[in-house]
Amino acid sequence: MALKSTVYKAQVAIADMDRALYADHALTLARHPSQTDERLMVRLLAFALQVPPDETRGRLEMARGLSDTDEPDLWQHDLTGAMVHWIEVGQPDERRLLKACGRAERVTVLAYSASVALWWAPLAARVARCTNLEVWQLASDASRELATLAQRSMQLQVTVQDGHVWVGDGERAVELVPRRLFPA
């Protein structure tokens, strides 16, 4: 018998001073049985950091990611169905990145874990021609700390200022500083 995904609900208040974006979002996230709380929370963070200021070019939505190899973790389609933004969390392989860059106007990767440098070093030169790609890294200790905020029902505040990100639940807060790997 296959295990079912666990559903998480999050009320997210975003105050992104770097983009002058202030918004509240109600999110439903499904955590695949093979997924960790760390990955779940990095997906939520990716949403908060990449959500567009308005929906004129479509909504940013959670995709099936792990459970469907043809979908990213998050994506945005415009009203015609064209792919605007493809967002991966983790360490996708070269083939997946090239495919994403061919399908979407923008591709963003939010990589985390202690092995990011090992994953990125050989990949950097092979994706250098992808002008629509951005790759960001989270420090592994910060992403693990972010995972401690995971609950089935969450009320989170995400504040972004000068490249620093604070995620809090009213009792605890985690500071993250995403580092751009590509383009350098």
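User: Is Ala20 buried or exposed?

Analyst: Please keep in mind throughout that this is a predicted model. Ala20 lies in the loop between strand S1 (6–16) and strand S2 (21–31), and although Ala20 is not a glycine, its phi is positive, at about 55°. A residue has to be over 50% in relative accessible area to be called exposed. Because Ala20 has 57% relative accessibility, the word for Ala20 is exposed.

User: Which loop holds Asp162, and is Asp162 buried or exposed?

Analyst: Asp162 has a positive phi of about 55°, and it is not a glycine. The loop that holds Asp162 runs between strand S8 (153–161) and S9. With a relative accessible area of 64%, Asp162 is exposed.

User: Which residues does Trp166 touch, leaving out those up to four places away in sequence?

Analyst: Trp166 belongs to strand S9, which covers residues 164–168, and because its relative accessible area is 32%, Trp166 is described as partly exposed. Contact here asks for heavy atoms within 4.5 Å. With residues up to four places away in sequence set aside, the residues that Trp166 touches are Gln157, Val158, Thr159, Gln161, Val174 and Glu175.

User: How many Å apart in space are Trp166 and Met62?

Analyst: Along the sequence, Trp166 and Met62 are 104 residues apart. Taken from C-alpha to C-alpha, the separation of Trp166 and Met62 in space is 21 Å.

User: Which residue forms a salt bridge with Arg96?

Analyst: Arg96 sits in helix H2, residues 94–103, and Arg96 counts as buried because its relative accessible area is 17%. Not counting residues up to four places away in sequence, Arg96 touches Thr69, Glu71, Pro72, Trp86 and Glu88. Side chains of opposite charge can pair when their charged atoms come close. In the salt bridge of Arg96 the N to O distance is 2.7 Å, and the partner is Glu88.

User: What is the distance between the closest N and O atoms in the salt bridge of Asp16 with Arg19?

Analyst: Asp16 counts as buried because its relative accessibility is 3%, whereas Arg19, with a relative accessible area of 34%, is partly exposed. The two side chains form a salt bridge in which the closest N and O atoms are apart by 2.9 Å.

User: Which residue meets Arg172 in a salt bridge?

Analyst: Arg172 is partly exposed, with 36% relative accessibility, while a relative accessible area of 18% is why Asp169 is buried. The N to O distance between these side chains is 3.0 Å, and the residue that meets Arg172 is Asp169.

User: How many salt bridges are there?

Analyst: The protein has 21 positive and 24 negative side chains, and the centres of the two sets lie 6 Å apart. A salt bridge requires a side-chain nitrogen of Lys or Arg within 4 Å of a carboxyl oxygen of Asp or Glu. By this rule the salt bridges number nine.

User: Which two residues does a cis peptide bond join?

Analyst: Pro183 is found in the segment after strand S11 (179–182). The cis peptide bond there has an omega of about -10°, and the residues that this bond joins are Phe182 and Pro183.

User: What radius of gyration does the protein have?

Analyst: The protein contains four helices and 11 strands, and its C-alpha atoms fill a box of roughly 45 × 45 × 40 Å along the principal axes. For 184 residues, a compact globule would have a radius of gyration near 16 Å, and the protein agrees with this, having 16 Å.

Technical notes:
Residues are numbered from 1 along each chain as its sequence is written. This is a predicted model: local features need pLDDT of at least 70, side-chain atom pairs count only at pLDDT 80 or more; totals for chains, interfaces and linings use all residues. Side-chain values use heavy atoms; hydrogens and water are left out. Helices (H or I, at least four residues) and strands (E, at least two) are DSSP runs, numbered from the N terminus. Buried means under 20% relative accessible area, exposed over 50%, partly exposed in between (1.4 Å probe, protein chains only). The radius of gyration is taken over C-alpha atoms; the globule rule is 2.2 Å times the number of residues to the power 0.38. Lys and Arg count as positive and Asp and Glu as negative; His and the chain ends are not counted. The place of a charge is taken as NZ of Lys, CZ of Arg, CG of Asp or CD of Glu.
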